[in-house]
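Biologist: I am new to this structure and would like a close look at a single part of it, the open sheet. Please describe how that part is put together and then what lies around it.

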Amino acid sequence: MPNRSDLGVAMSLALERCARYAPVHRPVVFVGPVGAGKTTLASALHRASGRTGRMVSVTSGEASESMYRDSLFGHVRGAFTGATSDRAGAIERAANGTLLLDDLAFLPVEVQVALLRTMEEGAYYPIGSDRERSVTCRFLFATTVPLATLVESGSMIPDLRSRLGEFVIRVPGLADRRQEIPGLARTFAADFRVEHGLSPEVDFSEAAIRYLQQYDWPTNVRGLRHVVERAIVHAGLFDDLPLIEPVHLPDRVVSFDPDDEAQASLNRALVSKALRDAGGNQSEAARQLGVHRN
C-alpha cells in the first residue's frame, strides 16, 4: 500500500475501519468493484486482528450448492459416492484464523441458510457426520454488489443481510484514488523486480505517470499491477536503468479521444512539457510520450 499521506479520503476511511474492526470478533463485509483491493484489505484486517490461525479464502464463482457446501463444511468418509476419505472444509482449515468468502453475490441461497445457522450457533456438521464441531474462525465477506441490492434481487436472504450489515467497509475503485497511482505503480515495479531477481531500480517518467493517472482503470488495482509488469518487460528487463516511458504502456492507456477538449488540452500540455524536457528535440519528446514524431 502507498503511504497514508498519498491516500484519498475513501481509502483512508477503509483502512481506518480495518483497524477499528480488526480486534472485534464480528463478520465484516468488503464492498467494491472487481480488482479494487478487497482481498488485500481483508488480509490486512486479518494480520491486525492478532488471530493465531491463517486466513483461508473461498471463491463462490458459479459452483453448485453441493460443491460449495462441501468446500465450506467438508465431509467425512462415506458421506457420498467418491468420498473415500475425510475432507477438511474451509471452516476447519481456518481454525483460530479468518475465513474470507469472496463473490458473495454467487453464494447459493441454501448455503446462506446453513452459514447463517453456523454463525449464530458457533457450530457446524461436516457433510455425512453426526458429530458437531465448533467454529473458531472469523468470517469476512467480499462483494461487488451492495448488500441491499443483493436482497432486492433475491440473491441474498434478508436474515443474512441483517447479520452482516453492521460492519461494512466500502473499497473505492482506482479511478477515485488517482493520487495513489504513482505510489502503487512504483510498489508493483519493486515487487516485480524482487520476484524476478532484477538488480536495477525501475522508475517511471513523468509522462508515463500522467498517462497512468488519466486512465479510468476498469479493472482497478489488479489491472494497474498487470500493466506495470508488462511495461517493465517492454522497457527491457536487463537494462542498467530501465525507465518506464509511455511507449512501454498498452495502447489503451495512452490512447485518447481527439474530440474530447479536456483530454486534448491535457495532451497539449504533455507535449509542451516533453519538448521542454527534451530541449526542443522533437524525436526525443515523441519517444518519451510514445507517439509519432508528427
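Modeller: Two strands count as paired if DSSP finds at least two bridges between them. By that rule, strand β1, residues 28-31, pairs with β9 in the parallel sense, over three bridges. Within this pair, Val31 stands opposite Arg170 of β9. The model is a predicted one, and what follows describes that prediction.

The pair belongs to an open sheet of five strands, arranged in the order β2-β5-β8-β1-β9 with parallel pairing. At the edges are β2 (55-59) and β9 (168-170), each of which pairs on one side only. On average, and ignoring direction, neighbouring strands of the sheet are turned by 20 degrees against each other.

A helix crosses part of this sheet. Helix α1, made of residues 9-21, lies across β1, β8 (138-143) and β9, and runs at about 160 degrees to β9.

Next come the nonpolar residues. In soluble globular proteins, nonpolar side chains tend to be buried together. Here the largest nonpolar core has 31 residues, and those with the most contacts inside this core are Leu72, Ile91, Leu99, Phe139, Phe141 and Leu164. Helix α5, residues 109-121, gives the most to the core, with five residues. Leu99 shows what such contacts look like: leaving aside neighbours within four places in sequence, Leu99 is in contact with residues including Val56, Val58, Leu72, Ile91, Cys137, Phe139 and Leu140. A second, separate core has 26 residues, among them Ile181, Phe204, Ala231 and Val254.

Helix α5 also holds Thr118. The relative accessible area of Thr118 is 3%, so this residue counts as buried, the cut-off being under 20%. Not counting residues up to four places away in sequence, Thr118 touches Phe73, Ile91, Ala123, Tyr124 and Val135.

Elsewhere in the model, two helices meet. The axes of α8 (residues 181-195) and α10 (residues 220-235) come within 9 Å and cross at roughly 55 degrees, which makes α8 oblique to α10. The crossing of these two helices is right-handed. On the α8 side the contact is made by Ile181, Leu184, Ala185, Phe188, Ala189, Asp191 and Phe192. On the α10 side the residues are Val221, Leu224, Arg225, Val228, Glu229, Ile232 and Val233.

Definitions and conventions
Residues numbered from 1 in each chain as written. Predicted model: local features only at pLDDT ≥ 70, side-chain atom pairs only at ≥ 80, totals over all residues. Heavy atoms only, no water. Helix = DSSP H or I, 4+ residues; strand = E, 2+ residues; numbered from the N terminus. Axes fitted to C-alpha atoms, helices over the stretch in contact; angles between N-to-C directions. Contact = heavy atoms within 4.5 Å. Core = buried A, V, L, I, M, F, W, Y, C linked by side-chain atoms within 4.5 Å. Buried < 20%, exposed > 50% of the residue type's maximum accessible area, 1.4 Å probe, protein only. Parallel < 35°, antiparallel > 145°, perpendicular 65-115°, else oblique. Left-handed = near helix turned anticlockwise from the far one by under 90°.
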